[in-house]
Amino acid sequence: GIHAEYQGTEGVFDFNGEMLHGNIKSKIALRLIKEWAMLRQKELEENWKNIHDKSVINKIKPLE
């Protein structure tokens, strides 16, 4: 999953940006994480495959 931190809170998210567990309560932070995950879904899936193949993990751009 995707690990995110926001002002001392943390969460683990699926590749659709849905929080699986954590304590992030900010609706703005949750919306931005979801937006980023949806925009970067292909890159996230590629990195997930690379992790399992013990290949290079690519840096993924933040929201701009």
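The model is a predicted one, in which local features need pLDDT of at least 70 and side-chain atom pairs count only at pLDDT 80 or more, while totals for chains, interfaces and linings use all residues. Residues are numbered from 1 along each chain as its sequence is written, and side-chain values use heavy atoms, with hydrogens and water left out.

**Whole chain.** Begin with the chain in cartoon form, where two helices and three strands can be found, in the order β-β-β-α-α from the N terminus on; helices (H or I, at least four residues) and strands (E, at least two) are DSSP runs, numbered from the N terminus. Along the principal axes, the C-alpha atoms fill a box of roughly 35 × 25 × 15 Å. Of the 64 residues, 28% count as buried, where buried means under 20% relative accessible area, exposed over 50% and partly exposed in between (1.4 Å probe, protein chains only).

**Glutamine 7.** Select glutamine 7 next, in the loop between strand S1 (2–6) and strand S2 (9–13). Its phi is near 45 degrees, a positive value in a residue other than glycine, and glutamine 7 counts as exposed because its relative accessibility is 70%.

**Leucine 20.** Move on to strand S3 (residues 19–22), which holds leucine 20. Leucine 20 is exposed, with a relative accessible area of 52%, and, leaving aside residues up to four places away in sequence, touches Val12, Phe13 and Asp14; contact here means heavy atoms within 4.5 Å. For a distance to draw, take the C-alpha atoms of leucine 20 and glutamate 43, which are 23 residues apart along the chain and separated by 20 Å.

**Lysine 54.** In the segment after H2, select lysine 54, whose phi is near 55 degrees, again a positive value in a residue other than glycine. Lysine 54 counts as exposed because its relative accessibility is 77%.

**Leucine 63 and its patch.** Leucine 63 is found in the segment after helix H2 (41–52) and is partly exposed, with a relative accessible area of 31%. Select Ile28, Leu32 and Leu39 together with Leu63 to see a nonpolar surface patch of about 350 Å². Accessible areas come from the Shrake-Rupley method with a 1.4 Å probe, and for residues only the protein chains shown count as cover.

Note on methods
Patch = residues over 30% accessible without salt bridge, like charges linked within 9 Å, V, L, I, M, F, W, Y side chains within 5 Å. Salt bridge = Lys/Arg side-chain N within 4 Å of Asp/Glu carboxyl O.
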